[in-house]
Amino acid sequence: MHIIMLGAPGAGKGTQADILSQEMGLPHIASGDLFRQALEEGTAIGLLARDYMDKGELVPDEVAIGMILERVNKPDCAAGCLFDGFPRTLQQAQALDQALSKQGKTVDKAIYIEVPGEELMKRLSGRRLCRSCQRPYHLLSSPPRVPGKCDRCGGELFQRSDDREETVRERLSVFFAQTVPILDYYKSQHKLIRIDGNLGVQGVARGIASALKAAIK
Ligand code: AP5
């Protein structure tokens, strides 16, 4: 089972992929987390990605594709995985299809979480992430039990540098220009599922669970 989470920055892709990953027992592969981890480790990919991420622009396709395909080929992905933040361009979507089809696999569903723009700004400005396990929190809607500490692993919470307002605006405009076109790509393959993301976290999770149940029989 290969499922793609699509949505604007702050739509809740990471939050919902985290929930689905636990429910379905599939690894959660988040391209942004992989870039941030590479940056913490000081690798060449991390240092290259930083310049693009800081500006809210996409890292070049060949870099993102190479990194994700390497991750997908690890043994824990043998039964499938959840993609969060990848693909983001038509070229990435096509590269993923080609790589999976060589192994006799395919993308099963692409879940598009739809959230209005003003709500996205609120979500991103209050977001905090765990430095160890990457679990997302929100200062108002889903705060940690102990301020500054992850409920799951006790890791330190931090605010992403690209969650500043002007960078968020650029990320949103990149999303509409470069990622929205891939909705039609999955729609034409009858794989697109649209979900109302303007509900609470559990309401969105229930919407995704029932849509997946109806779509995969
Ligand atoms: P990435 O890390 O992928 O960021 P993004 O796509 O902009 O998405 P976010 O992580 O900001 O949001 P999300 O939808 O996961 O929301 P979350 O669940 O955290 O990418 C960062 C950068 O890396 C890119 O700009 C680019 O430079 C580079 N990059 C990454 N992938 C790339 C690729 N494939 N190609 C090229 N470049 C790439 O939720 C947000 C907040 O809202 C949280 O606080 C959460 O608690 C809260 N929340 C979630 N759901 C709800 C809800 N239902 N109600 C209320 N609050 C909610």
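Trainee: By class, what residues make up the shell around the ligand?
Mentor: The shell holds 15 nonpolar, twelve polar and nine charged residues. Please bear in mind that this is a predicted model.

Trainee: How many residues surround the ligand, and which are the closest?
Mentor: The ligand is surrounded by 36 residues. T15, E57, R88, Y137 and R171 are the closest.

Trainee: Which helices and strands each supply at least two residues of that shell?
Mentor: They are the helices α1 (13-24), α2 (31-40), α6 (117-125) and α9 (201-215), together with the strand β6 (136-138). The largest share comes from α2, with four residues.

Trainee: How much of the ligand does the protein bury?
Mentor: Taken alone, the ligand exposes 1000 Å², and the protein buries 96% of that.

Trainee: Let us change topic. Which residues touch the most other members of the largest nonpolar core?
Mentor: They are L6, I111, Y186 and I208, in a core of 52 residues. Helix α4 (residues 61-72) gives the most to this core, namely six residues. As general background, nonpolar side chains in soluble globular proteins tend to be buried together.

Trainee: Where is I111, then?
Mentor: I111 belongs to strand β4, which covers residues 109-114.

Trainee: Is I111 buried or exposed?
Mentor: I111 counts as buried, because its relative accessible area is 0% and the limit for buried is under 20%.

Trainee: What is I111 in contact with, leaving aside its neighbours within four places in sequence?
Mentor: Its contacts are I3, I4, M5, L6, L20, I193, I195, I208 and L212. Two of these, L6 and I208, were named with I111 among the residues that touch the most other core members.

Trainee: And how far is I111 from P75?
Mentor: Their C-alpha atoms are separated by 24 Å, and the two residues are 36 residues apart along the chain.

Trainee: Now H2. Where is it found?
Mentor: H2 is in strand β1, residues 2-7. With a relative accessible area of 3%, H2 is buried.

Trainee: What does the side chain of H2 reach?
Mentor: It reaches the backbone oxygen of T106, at 3.4 Å.

Trainee: What about V174?
Mentor: V174 sits in helix α7, residues 165-179. It is buried, with 9% relative accessibility. Beyond its neighbours within four places in sequence, V174 is in contact with G56, E57, L58 and T179. One of these, E57, is also among the residues closest to the ligand.

Trainee: How far apart are V174 and I113?
Mentor: They are 17 Å apart in space, C-alpha to C-alpha, and 61 residues apart in sequence.

Trainee: Another topic: the backbone. Which residues does a cis peptide bond join?
Mentor: The cis bond joins F86 and P87, with omega at about 0°. P87 lies in the loop between β3 (81-84) and α5 (90-102).

Trainee: What phi does Q134 have, and where is its place?
Mentor: Q134 is not a glycine, yet its phi is positive, about 70°. Its place is in the loop between β5 (127-130) and β6. At 23% relative accessibility, Q134 is partly exposed.

Trainee: And what about H190?
Mentor: H190 also has a positive phi, about 60°, although it is not a glycine. H190 lies in the loop between α8 (181-188) and β8 (192-196).

Trainee: Is H190 buried or exposed, and why?
Mentor: H190 is exposed, because its relative accessible area is 67% and exposed means over 50%.

Note on methods. Residues numbered from 1 in each chain as written. Predicted model: local features only at pLDDT ≥ 70, side-chain atom pairs only at ≥ 80, totals over all residues. Heavy atoms only, no water. Core = buried A, V, L, I, M, F, W, Y, C linked by side-chain atoms within 4.5 Å. Buried < 20%, exposed > 50% of the residue type's maximum accessible area, 1.4 Å probe, protein only. Near = heavy atom within 4 Å. Areas by Shrake-Rupley, 256 points an atom, 1.4 Å probe, with all protein chains shown as cover. Nonpolar A, V, L, I, M, F, W, Y, C, P; charged D, E, K, R; others polar. Polar contact = N/O pair within 3.5 Å; in protein donor to acceptor, adjacent residues only side chain to side chain. Contact = heavy atoms within 4.5 Å.
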